[in-house]
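Me: Hello! I have a new structure to look at, and I would like to go through it one question at a time. Shall we begin?

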Amino acid sequence: MNGWRGASPTARLLLMAVLLTGLTTFMFLPLLAIELTAQGIPAGRTGFLVGLLAFSSQAFSLLSGLLVDRLGPRRVMAAGFLLRIAGYVLLGLGGAGRPAPLVAGIVAVGVGGSMLGLSTKTLLVSQEGSDPRTMLALRSTFVNIGVVVGPALGALVYPLGFRYILAACVLSHLVLGIGLVSGRTAAAVPGRTAAKATGPGAGPDADPGAAPDATAGRPGEVTRRTLLRHWAPLAALGVAYWAIYSQLNVLLPIAANELTGSTAAISVVFTANGLLVVLFQYTLLSRVFRRATARTLLALGFLAFACAYAVLIPLAGWYSLLAFVLPVTLAEMLIGPSLDEQAVNAAALRRTGLALGTMSAAGALGSLLGSSLGGQLLQATRGGSRAWVLLVGCSLAAAAICLLLPKVRTRHA
């Protein structure tokens with residue numbers, strides 16, 4: 001990858017941290033429910049605890065962004081590592097007869113993950129000599145390596161005992177925390193600050209259709225109007241993306257089983273999805289669509305979503321399911337990093353953390369709405385094609401909302 005070769009030593013270290021924390025997280029996460037059930041915890045309580053982990057991470061994202069901007073990414077990263085290490089230790093001490101350390105450990109792992117994710121992402125998009133799109137594409141690639149490989153490693157280690165997996169999580173976070181916090185990781189974000197000072201609307205090379213910088217000295221009323229014009233559709237798109245994407249965990253597993261008669265069908269979808277992202281995410285964003293604006297990529301991504309759910313309408317068994325994989329993966333590769341890129345470009349000076357935290361909070365709301373509405377939709381449609389028609393319509397509506405975004409071009413290194 002040219003992006004990897006051209007990245008600074010700090011960026012490479014951050015990307016390795018993304019990879020290793022992703023590997024250990026996905027060693028641990030898929031087996032959590034199995035381990036809790038094996039300890040004698042009822043299924044209902046197990047579901048609550050697994051949901052609490054996701055909620056703790058997502059609900060804290062906005063505050064994490066504020067802390068990154070106020071305290072600096074290095075301090076927030078250090079706190080995230082400490083919280084996660086403490087959380088994994090508490091999980092090892094907890095159990096059916098000791099619920100207090102179990103609940104505290106789950107919350108600590110979730111909140112620590114939110115702080116780690118946002119501080120790392122803020123540092124990556126702020127690196128000198130690299131544009132945000134390249135860093136976000138590389139980050140997505142490394143995350144998905146963890147998604148693909150982590151569960152397999154967890155399955156290999158689990159027969160030895162769940163505490164060995166927790167020990168691997170503690171050790172990796174301890175080593176990475178010491179290396180990143182005490183190393184050369186930038187405490188501030190000078191690259192991003194400089195880019196903002198010379199960004200769209202601030203110089204002769206500015207794109208005439210670009211969004212004006214909210215900090216360029218304009219009257220407060222104009223600034224508020226500019227921010228609202230950018231952030232209202234962007235937040236709506238963040239909610240829409242995660243509401244639509246969450247159906248891969250709600251509607252699709254049941255539909256895949258009904259379409260093919262195989263419980264392994266959904267595993268095929270997720271494995272193929274992860275491999276495609278690992279292989280093509282960086283090339284797609286940094287080479288194929290290098291000159292496209294984030295707004296264009298978002299519109300294309302939601303159109304790909306519409307195509308993905310449209311191929312499920314005929315209910316053509318394995319043919320529909322396999323045809324679904326490519327467009328839904330294309331949508332994921334285009335939309336996820338582009339939402340963050342658009343948020344970074346829209347952020348005021350020294351507000352990158354808050355911008356990324358806002359998108360994470362929008363994702364949390366979208367996931368909650370998507371999961372809730374997806375379950376109701378499943379009951380209402382009872383296995384027909386109406387659910388897919390509705391999702392196609394939602395995807396097309398989101399693609400239309402993309403046109404409301406200001407046109408902001410990526411600044412390439």
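Predicted model: local features only at pLDDT ≥ 70, side-chain atom pairs only at ≥ 80, totals over all residues.

Me: How many helices and strands does the chain have?
Reply: The secondary structure includes zero strands. The helices of the chain come to 16.

Me: Which share of the 413 residues in the chain is buried?
Reply: A residue is buried when its relative accessible area is under 20%. Among the 413 residues of the chain, the buried ones make up 50%.

Me: What part of the accessible surface of the chain belongs to carbon and sulfur atoms?
Reply: The accessible surface of the chain is about 17,800 Å². Carbon and sulfur atoms account for 68%.

Me: Let us turn to pairs of helices. How are α7 and α14 oriented to each other?
Reply: Helix α7 covers residues 132-157 and helix α14 covers residues 318-346, with axes 10 Å apart. The two pack at an angle of about 135°. An angle over 145 degrees would count as roughly antiparallel and 65 to 115 as roughly perpendicular. The pair α7 and α14 is therefore oblique.

Me: Which hand does the crossing of α7 and α14 have?
Reply: This is where the opening term comes in. The crossing of α7 and α14 is right-handed.

Me: Which residues of α14 make the contact with α7?
Reply: From α7 come Pro132, Arg133, Leu136, Ser140 and Asn144. By class, the contact of α7 with α14 has four nonpolar, two polar and four charged residues. On the α14 side, the residues are Glu332, Pro337, Asp340, Glu341 and Val344.

Me: How is α7 oriented to α12?
Reply: Helix α12 spans residues 265-288, and its axis is 8 Å from that of α7. The angle between the two is about 175°. Angles over 145 degrees count as roughly antiparallel, so α7 and α12 are roughly antiparallel.

Me: How many charged residues are in the contact of α7 with α12?
Reply: Residues that meet here include Ala137 and Leu138 in α7 and Val277 and Val278 in α12. By class, the contact has nine nonpolar and seven polar residues. The number of charged residues is one.

Me: How are α2 and α3 oriented to each other?
Reply: The axes of α2 and helix α3 (residues 43-59) come within 9 Å. They cross at roughly 155°, and the crossing is right-handed. With angles over 145 degrees counted as roughly antiparallel, α2 and α3 are therefore roughly antiparallel.

Me: Is Thr25 buried or exposed?
Reply: Thr25 is found in helix α2 (residues 9-38). Leaving aside neighbours within four places in sequence, Thr25 is in contact with Pro30, Arg84 and Tyr88. Because its relative accessibility is 13%, Thr25 counts as buried.

Me: What is the separation of the C-alpha atoms of Val50 and Ile106?
Reply: Val50 is found in helix α3, and at 32% relative accessibility it counts as partly exposed. Along the chain, Val50 and Ile106 are 56 residues apart. Their C-alpha atoms are separated by 8.2 Å.

Notes:
Residues numbered from 1 in each chain as written. Heavy atoms only, no water. Axes fitted to C-alpha atoms, helices over the stretch in contact; angles between N-to-C directions. Helix = DSSP H or I, 4+ residues; strand = E, 2+ residues; numbered from the N terminus. Parallel < 35°, antiparallel > 145°, perpendicular 65-115°, else oblique. Left-handed = near helix turned anticlockwise from the far one by under 90°. Contact = heavy atoms within 4.5 Å. Nonpolar A, V, L, I, M, F, W, Y, C, P; charged D, E, K, R; others polar. Buried < 20%, exposed > 50% of the residue type's maximum accessible area, 1.4 Å probe, protein only. Areas by Shrake-Rupley, 256 points an atom, 1.4 Å probe, with all protein chains shown as cover.
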